[in-house]
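Try each task yourself before you read the solution.

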Amino acid sequence: MSKTRYKNQKESNEAIAKAYIENNYTNSQNKLLLVSKANYGKRSSNVCYSAVDDKGMNFYEFNNNAEQNLMLIERYEWADFSSVTIDHSIAKSVFTFVGHGENRDITIEVKGKEVEQVIRNHSSMEVNVVKRPVWTKVLGYRSQTTWKMFMASTVYTLILLFILHPLLPAATHNFIMGLALLILFLSIIGLFVGLIKPKWVLPKFKIKTRKRVLFSYLYLIISCFFIAVAFTDGESTSTPASTQVSSSQNSVTVSSKKDGADSSKQKVEKNDSDKTAKEEKRQKAEEQAVKEEVKEEAKQKAQEQAEKEEAKRKAEEQAAKEEAKQKAEEQAAKEEAKQKAEEQAAKEEAKQKAQEQAAKEEAERKAQEQAAKEEAEQKAEEQATKEEAERKAQEQAAKEEAERKAEEQAAKQEAERKAQQQAASQQSTPSSSTSNSGNYKPFENDPSDDQQSNMSCSGQIKGNKNSKIYHVPGGAYYDRTQDNIVWFCSEADAQAAGYRKSQR
């Protein structure tokens with residue numbers, strides 16, 4: 001943004017600054033809210049402007065002779081400060097920011113209320129506004145400096161005087177002038193008395209000093225003098241003068257006549273009145289001495305009373321100061337105790353939360369461990385069950401295989417025995433004819449070895465004495481077993497006798 005451009009456009013410095021700042025905020029993430037003249041505590045011959053946004057405040061220095069009119073010199077963030085104290089006046093507002101580092105004093109012209117509203121809406125700072133009477137915000141009274149207030153009061157009085165002079169009717173001018181002269185005379189007397197005893201002429205002021213007397217009564221003297229001069233009229237002053245001259249002449253004539261009469265009378269009564277006059281003179285002198293003594297005593301008592309009142313007032317002020325100080329210390333102690341209690345409560349709450357969190361985590365960890373343990377035990381049980389089932393299956397298969405082999409062995413032995421019996425029977429039986437020599441009869445059970453024992457349990461559990469295997473009714477080999485049969489009433493009896501159950 002060049003200087004030539006704005007000179008050609010004939011814009012004011014404030015318009016140039018505002019346009020530059022708005023252009024500078026175009027690509028910024030912060031939202032520009034207002035622009036105002038400002039002073040941030042550094043002396044500079046150039047004018048400064050503040051750009052207030054939602055996150056903080058930028059300060060620019062304006063130089064009309066530079067190539068770039070406005071230059072960013074400093075930025076403050078709202079988050080850097082914990083509180084702000086604001087002192088508003090008519091023309092400006094003083095902001096005192098308090099943060100972790102040093103404090104910042106910033107003066108905003110005209111738009112102080114708007115900046116305060118921005119701080120309240122867009123920051124978490126504690127805002128403290130200085131409360132003062134309205135008259136202290138008027139130009140000349142803001143600094144509370146005595147000579148500035150004196151000058152301001154005098155100027156404001158003259159302005160008010162020149163405004164009221166043409167508005168008041170001419171008939172009241174003489175009265176106002178006379179009243180002003182009377183107050184002027186009394187103010188001069190009060191000034192001299194107050195320089196000796198300030199408390200006599202400042203009854204309603206808390207601070208009773210000669211400096212206060214000087215400025216207060218000088219203001220009255222100067223104001224009354226200007227009022228008397230302003231309301232002085234030429235015609236009104238000439239008429240009273242002539243009247244005064246004529247009245248003075250008349251008074252001289254009357255007084256001369258009276259003096260002649262008195263002198264003649266005094267000549268007649270001179271001898272008689274000398275003694276009386278001396279006596280009266282002596283009596284008057286005594287009365288005057290008594291009056292002077294009483295007056296002096298009253299004056300002394302008044303001084304003592306004033307000194308007592310002054311001492312009492314000072315004692316009351318001292319007591320009030322000590323009480324205020326004590327209250328402030330008590331308040332600070334209460335706030336500190338409250339803050340410590342809050343910090344202790346916060347610490348205990350944080351500790352309790354930490355303990356609860358640790359207990360919760362410990363419970364979760366134990367629950368996880370318990371779940372893992374139970375899962376491991378369940379898997380171990382399932383594995384043991386599976387292994388037991390496999391083992392039993394293997395044992396059952398082995399048992400069945402052994403039984404099958406034993407039955408096959410018994411059947412084989414039975415077949416061999418029968419074959420031997422058959423061979424023996426063939427040797428003992430005569431041969432048949434040649435036509436029938438090649439034909440054999442089918443196998444038939446030899447009833448000779450169909451021996452049975454324990455017949456009391458016949459028809460129940462059938463055991464083979466040779467193979468030591470017993471068969472239950474309905475079994476595959478129950479009806480086929482016919483040799484060396486041993487009957488049992490129950491499976492338990494068969495097992496007790498050393499027999500085992502057939503698998504079929």
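**Exercise 1. Find which residues have the most contacts inside the largest nonpolar core.**

Step 1: a nonpolar core is a set of buried Ala, Val, Leu, Ile, Met, Phe, Trp, Tyr and Cys residues joined through side-chain atoms within 4.5 Å, and buried means under 20% relative accessible area (1.4 Å probe, protein chains only). Step 2: the largest such core has 21 residues, and Phe-95, Phe-97, Ile-106 and Ile-119 have the most contacts inside it. Step 3: look at Ile-119, which touches Trp-78, Val-84, Phe-95, Phe-97, Met-125 and Val-127, leaving aside residues up to four places away in sequence; contact means heavy atoms within 4.5 Å. Step 4: a second, separate core of 14 residues includes Leu-191, Tyr-217, Ile-221 and Phe-231.

Keep in mind that this is a predicted model: local features need pLDDT of at least 70, side-chain atom pairs count only at pLDDT 80 or more, and totals for chains, interfaces and linings use all residues. Residues are numbered from 1 along each chain as its sequence is written, and side-chain values use heavy atoms, with hydrogens and water left out.

**Exercise 2. Decide whether Phe-175 is buried or exposed.**

Step 1: Phe-175 sits in helix α5, a DSSP run (H or I, at least four residues, numbered from the N terminus). Step 2: its relative accessibility is 60%, so Phe-175 counts as exposed, the cut-off being over 50%.

Key
Helices (H or I, at least four residues) and strands (E, at least two) are DSSP runs, numbered from the N terminus.
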